[in-house]
Amino acid sequence: MSMNTTSEHRGPWTPLEVSASRFPHVHATGETFTSSDPATGQLVANLATSTLTDIDDAVDTARTAFNRSAWARDGALRARVLFRYATALRADEDRIAELLTREQGKTIGEARGEVRASAGMIEYYAGLARTVEGRVQALGENVHAVVLRVPVGVVGVITPWNWPLTLLVRSLAPALAAGNAVIVKPASLTAAVSVAALEPLVDQDELPAGIVTTVLGSGGTVGDALVGHPDIDMIAFTGETFTGVQVMKRAADGLHKVALELGGKSANLVFADADLDKALAGAENAIFTTCGQICTAGSRLLVERSIHDEFIARLAEKARLINCGDGLDPSTRLGPLVSRQQRQEVLGYIEVGKQEGTLVVGGGPPADGDLAEGHFVVPTIFTDLPDESRLVKEEIFGPVLAVQTFEDDDEALAMANDSEYGLAAGLWTSNLNRAWRIGSRIEAGTIWINTYHHFYPEAEVGGFKRSGIGRQQGIEGLHEFTETKHLNFDGSPTLW
Ligand code: NAD
């Protein structure tokens, strides 16, 4: 395992001040909190918390903008604003990506990729903003149904810290394209980069004032108050399943619409007939991207027994070679976990794994040195875990892989579906019939066949079982932020 030190790729840093006076779209006048760099502990930003009055103001502002501006009815305006936003974000890649790495910890290459992917998502929905279409149907002699697609209204978008830009725009862009007003509540750990990334949107003269606002602070108070606010129409939430359940219960009081993108424990199935070089790269990418902190992480690797030993030996060798260290060093492939607490939780799972299974590689933080202040955990692989192990059942959100074996297709399918989650799965085989048969029976929203973790704005994603409700991306993602309304035109001579 090689380690990248923190000193040589870091310029000086002046902490960002994130408050209403610096960022007018932010409604936050309460106590200060901070965000820090997970690689070094350095202060990244000072931020203000939203008070209950700030949240009321943000919702009032959004409601007024939604009711009084042309936003909801002018698709061409929405397209122009979103296209300009995407262009500005692309132009600002250096600054936003550096801030993302400093605040979240991910590698600078991944951070740049996240900025570009976010811009691509915005461009896709900018194109759709002019195509929010309904339908007309003849129902009888001179009777017509006109079914309109209209925006839901005022939408709260609550985001997690692991992909703070992509997961923000994945809800924000379709919500805006459909004509809604949006109040953003980013995760506190990555709130500064979220606020900074919204600037090129809210700075535009053509965006009606108040269509996008932001509130800041903890989920339990600020997030909860937003979800329970009587004048919110919808909450689009991305985060843990446990939190999603709380959000849904809270939203039920006001009968607010919810879209929930939640946790996962995705199975990645490798069959003996697969292209094994490609499958190895896929297995590595599936679990170690974003240091395992990704909802679709292929954290359960299911390998056909006949190739198990050789495949795992080769995968362990690859894991040993992963550069772990400061994300700002361009040669780093695995950054730190996002926080001390996250690292404690991951280390707790590793201790359980050591008692229940066989540790193949990794198994803790790197040796001390320049990385001692950061929240690092090295790539870790366990085999021989019992089926009921917490490492097999629970979302760890760290670079920890649980390997299981199967004998045949039926066992592989049964094991893949033996989970309360259903977000994604991977399938590696050269047999097209098997790919189709098993792929179509896995209970998950996205099934990658001979690939993993490739997302496209055009292709919808979402969770089965306890991984969520609703769909994002694609045309389905746009429709999630609309209601249909039926105007019934009756031109017949009599009613009875
Ligand atoms: P989290 O649930 O702790 O927090 C997510 C957001 O919800 C944060 O902004 C938080 O402040 C807010 N929040 C917390 N409690 C709240 C409450 N009671 N009411 C309203 N808002 C509240 O999740 P996290 O730790 O930030 O992110 C990691 C989790 O997110 C993992 O479980 C991961 O699988 C999931 N995730 C899912 C997807 C997906 O697309 N399905 C994508 C990324 C992450």
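# Briefing on a predicted model

Ser419 lies in the loop between helix 13 (409-417) and strand 18 (421-422), where helices (H or I, at least four residues) and strands (E, at least two) are DSSP runs numbered from the N terminus. The structure is a predicted model, in which local features need pLDDT of at least 70 and side-chain atom pairs count only at pLDDT 80 or more, while totals for chains, interfaces and linings use all residues. Residues are numbered from 1 along each chain as its sequence is written, and side-chain values use heavy atoms, with hydrogens and water left out.

- Ser419 is buried, with a relative accessible area of 14%; buried means under 20% relative accessible area, exposed over 50%, and partly exposed in between, for a 1.4 Å probe and protein chains only.
- A polar atom of the Ser419 side chain lies 3.0 Å from the backbone nitrogen of Tyr421.
- When residues up to four places away in sequence are not counted, Ser419 touches Lys265, Arg300 and Lys465, contact being defined as heavy atoms within 4.5 Å.

- The buried residues of helix 3 are Glu93, Ile96, Ala97, Leu99, Leu100, Thr101, Arg102, Glu103 and Gln104.
- What covers these buried residues includes three strands, namely strand 2 (16-18), strand 3 (32-36) and strand 4 (43-48), and it also includes helix 2 (75-91), helix 4 (108-128) and helix 6 (191-202).
- Helix 3 is followed by Gly105, which has a positive phi, near 105°.

- Arg116 has its place in helix 4 and is partly exposed, with a relative accessible area of 41%.
- Leaving aside residues up to four places away in sequence, Arg116 touches Arg90 and Glu93.
- Arg116 and His25 are 91 residues apart in sequence, and their C-alpha atoms are 23 Å apart in space.
- A salt bridge joins the side chains of Arg90 and Glu123, at 2.9 Å from N to O; the term stands for a side-chain nitrogen of Lys or Arg within 4 Å of a carboxyl oxygen of Asp or Glu.
- Arg90 lies in helix 2 and Glu123 in helix 4, so this pair ties together parts that are 33 residues apart in sequence.
- Arg90 counts as partly exposed at 35% relative accessibility, and Glu123 is partly exposed as well, with a relative accessible area of 27%.

- Arg314 forms a salt bridge with Asp277, and the closest N and O atoms of the two are 2.6 Å apart.
- This pair links distant parts of the chain, since Arg314 is in helix 10 (residues 308-320) and Asp277 in helix 9 (residues 276-288), 37 residues apart.
- Both partners count as partly exposed, Arg314 at 34% relative accessibility and Asp277 at 49%.
- Glu284 forms a salt bridge with Lys318, in which the closest N and O atoms are 3.6 Å apart.
- Here too distant parts of the chain are linked, with Glu284 in helix 9 and Lys318 in helix 10, 34 residues apart.
- Glu284 is buried, with a relative accessible area of 7%, whereas Lys318 counts as partly exposed at 30% relative accessibility.
- Elsewhere, salt bridges that share partners join Arg22, Asp92, Arg95 and Glu199 into one network.
- The count of salt bridges by this rule comes to 33.

- An open sheet of 3 strands has the order 5-6-25 with antiparallel pairing, and two strands pair if DSSP finds at least two bridges between them.
- The edge strands are strand 5 (135-140) and strand 25 (482-490), each of which pairs on one side only.
- Neighbouring strands of this sheet are turned by 25° against each other on average, direction ignored; the axes are lines fitted to C-alpha atoms, for helices over the stretch in contact, and angles run from 0 to 180 degrees between N-to-C directions.
- Strand 5 is joined by 5 bridges to strand 6 (residues 143-151), and the two run antiparallel.
- Val136 has Val146, in strand 6, as its bridge partner.

Notes:
Polar contact = N/O pair within 3.5 Å; in protein donor to acceptor, adjacent residues only side chain to side chain.
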